[in-house]
Amino acid sequence: MHDIPETAGAVMSARTYAAPLLVTLAYVVWYYALFTNQLRVKTKLKRAYRARGEKFDRYFGADREMLAADRYVGNMLEHMPTFLLLLWLNAIFVDPLSAAVAGAVYVGSRVLYPFVMGQRLGPGLPSRILFATVVGYTVVAYFVVRLAVKVIVAT
């Protein structure tokens, strides 16, 4: 295995891949923090609806706060396989540190997402959401280009 770092043999070194490991853990922690928020919003809304004598319908009721909480989780989940795959391909085949730096930028954009979207999803998304979205797509494109260059240079 001539292009794979020596540490990628039978046992990969946690020290070599510490930075991408931390980025991965941060991503997973944020993902579950958004799940926790989703549950918090659902519980709060169920109580509020019950107090008003109304029935809470999470999926068809179109409560804007619930829609926003669901969108935060959905956005993370939509991009999770691509992000994690490209992060680790870059960490193993290109460079663990640069993969971790780009990955940290990506995770930062995911952390910003709920704040730029707002707590209630209404008609039309705020244009400020483009910041978090563009940063995320730029990191994914960076990962793809780095891998492509690595393959082209190696052949």
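**View 1. The salt bridge between Arg-52 and Glu-54.** In this predicted model, the side chains of Arg-52 and Glu-54 come together in a salt bridge, with 3.3 Å from N to O. Both partners are partly exposed, since Arg-52 has a relative accessible area of 49% and Glu-54 has a relative accessibility of 41%. Side chains of opposite charge can pair in this way when their charged atoms come close. A search of the whole structure finds four such salt bridges, and two others are presented in the views that follow.

**View 2. The salt bridge between Lys-44 and Glu-65.** Here the side chains of Lys-44 and Glu-65 meet in a salt bridge, at 2.6 Å from N to O. The pair links distant parts of the chain, for Lys-44 belongs to helix α1 (residues 18–51) and Glu-65 to helix α2 (residues 64–93), and the two stand 21 residues apart. Lys-44 is partly exposed, with 36% relative accessible area, whereas Glu-65 counts as buried because its relative accessibility, 12%, is under 20%.

**View 3. The salt bridge between Arg-71 and Glu-78.** The side chains of Arg-71 and Glu-78 form a salt bridge in which N and O are 2.8 Å apart. Arg-71, at 25% relative accessibility, counts as partly exposed, and Glu-78, with a relative accessible area of 47%, is partly exposed as well.

**View 4. The largest nonpolar core.** This core has 32 residues, and those with the most contacts inside it are Tyr-27, Phe-83, Leu-87 and Phe-143. Helices α1, α2, α3 and α4 (129–154) each supply at least two of its residues, and α2 gives the most, with eleven residues. Apart from this core lies another one, made of six residues, among them Leu-45, Phe-56, Met-66 and Ala-69.

**View 5. The surroundings of Tyr-27.** When neighbours within four places in sequence are left aside, Tyr-27 is in contact with Met-76, His-79, Met-80, Phe-83, Leu-84, Tyr-106, Val-107 and Arg-110. Of these partners, Phe-83 is named, together with Tyr-27 itself, among the residues with the most contacts inside the largest nonpolar core.

**View 6. A nonpolar patch on the surface.** Leu-97, Val-101 and Val-105 form this patch, and together they have about 270 Å² of accessible area. Val-105 lies in helix α3, which spans residues 96–117, and with a relative accessibility of 44% it counts as partly exposed.

View 7. Of its 155 residues, 38% count as buried, while the chain exposes about 9,400 Å², of which carbon and sulfur atoms supply 68%. Among contacts between residues at least 6 apart in sequence, 72% join residues that are at least 24 apart.

How values were computed. Residues are numbered from 1 along each chain as its sequence is written. This is a predicted model: local features need pLDDT of at least 70, side-chain atom pairs count only at pLDDT 80 or more; totals for chains, interfaces and linings use all residues. Side-chain values use heavy atoms; hydrogens and water are left out. Patches are made of residues with over 30% relative accessible area and no salt bridge: like charges are joined within 9 Å, nonpolar side chains (Val, Leu, Ile, Met, Phe, Trp, Tyr) within 5 Å. Accessible areas come from the Shrake-Rupley method with a 1.4 Å probe; for residues, only the protein chains shown count as cover. Helices (H or I, at least four residues) and strands (E, at least two) are DSSP runs, numbered from the N terminus. Buried means under 20% relative accessible area, exposed over 50%, partly exposed in between (1.4 Å probe, protein chains only). A nonpolar core is a set of buried Ala, Val, Leu, Ile, Met, Phe, Trp, Tyr and Cys residues joined through side-chain atoms within 4.5 Å. Contact means heavy atoms within 4.5 Å.
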